[in-house]
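Subject: Structure handover and notes

Dear colleague,

Please find below the structure I promised to pass on, with its sequence. My notes on it follow directly after.

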Amino acid sequence: MAGHSKWANIKRQKARVDAVKGKTFAKLSREIIVAARSGVPDPNGNFRLRTAIEKAKAAGIPNDNIDRAIAKGSGQFDSGSDNLEEIRYEGYGPGGVAILIEALTDNRNRTAADLRSAFTKNGGNLGETGCVSWMFEQKGVVTVAGEVSEDQLLEASLTGGAQTYEWIEDDEEPGVEVVTEVTNLEHLNQTLQDQGFSVRDAELRWIPGNSIEITDPDVARSLLKLMDALDELDDVQNVTANFEMADDLVSLTMA
């Protein structure tokens with residue numbers, strides 16, 4: 001829809017507006033710990049760890065911090081990382097928007113209480129497991145940066161087993177998101193790199209089957225406040241929602 005942004009695009013815009021905070025480092029370090037714990041502690045043999053390290057380096061996290069996080073995850077010293085568990089929470093925001101939250105926590109009671117408070121203060125409701133997840137499907141998404149030839153992209157996408165792709169409508173950071181099945185993410189990522197594309201990110205993402213268009217400025221403001229509040233919680237790794245809104249409304253609410 002021309003002139004409209006989905007939450008993933010809005011989040012990219014907000015990242016340029018918001019100051020980089022220490023908690024960004026904490027979240028990326030936590031992802032490295034869990035990735036190292038869930039597979040071999042060598043990024044060459046652990047795709048999740050490799051992508052987590054790439055994100056950390058892109059965010060400016062020092063190599064010493066990255067090495068320390070890998071050591072914690074691989075059990076080289078007692079760090080309490082064994083207590084971290086991955087939990088998905090679900091709820092509704094203003095305007096009936098469906099929201100999925102992925103968290104890494106060592107205390108699920110604390111995390112649930114923090115999430116419930118954020119929802120309540122911002123016009124939403126934390127729901128039961130399964131209340132909105134049926135509206136989303138998990139996919140692998142590879143983000144390619146820069147101006148891209150569609151003919152070359154189509155050929156590479158077919159070779160890499162992609163399902164679809166979508167252009168990023170952003171003058172400052174143009175690119176394209178290439179979507180595939182979860183199990184094919186590593187293959188697609190490698191194929192695009194091998195064919196000379198500048199890969200900015202490769203991640204698993206929950207994609208909504210349909211979206212709600214937000215047109216009311218008050219609802220938009222409350223919704224973005226809720227998304228911010230959720231995203232800023234230490235235990236929250238990622239937030240996904242099924243809304244889109246006009247770009248001028250995004251600019252108004254972010255002003």
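Two strands pair if DSSP finds at least two bridges between them, and helices (H or I, at least four residues) and strands (E, at least two) are DSSP runs, numbered from the N terminus. Please bear in mind that this is a predicted model, in which local features need pLDDT of at least 70 and side-chain atom pairs count only at pLDDT 80 or more, while totals for chains, interfaces and linings use all residues. Residues are numbered from 1 along each chain as its sequence is written, and side-chain values use heavy atoms, with hydrogens and water left out.

I begin with an open sheet of 4 strands, whose order is β4-β2-β3-β10 and whose pairing is antiparallel; its edge strands are β4 (125-126) and β10, each of which pairs on one side only. Within this sheet, β2 (residues 85-92) and β3 are joined over 8 bridges in the antiparallel sense, with Glu85 standing opposite Thr105 in β3. The hairpin of these two strands has 5 residues between them, and there Gly95 takes a positive phi near 80°. On β3 there is also antiparallel pairing with β10, over 5 bridges, where Leu100 stands opposite Thr240 in β10. Of the 8 residues of β3 (residues 98-105), 7 are buried (under 20% relative accessible area, with exposed over 50% and partly exposed in between, for a 1.4 Å probe and protein chains only), so this strand is largely enclosed by the rest of the structure.

Helix α8 lies across β3 and β10, running at about 155° to β10, where axes are lines fitted to C-alpha atoms, for helices over the stretch in contact, and angles run from 0 to 180 degrees between N-to-C directions. The loop between α8 (217-231) and β10 (236-241) holds Asp235, which is buried, with a relative accessible area of 7%. Leaving out residues up to four places away in sequence, Asp235 touches (heavy atoms within 4.5 Å) Arg30, Glu102, Ala103, Leu104, Thr105, Arg110 and Thr111.

A further open sheet of 4 strands has the order β6-β7-β5-β8, with antiparallel pairing. At its edges stand β6 (164-168) and β8 (199-208), each with a single partner strand, so one side of each is left without a neighbour in the sheet. The twist averages 25° from one strand to the next.

With best regards
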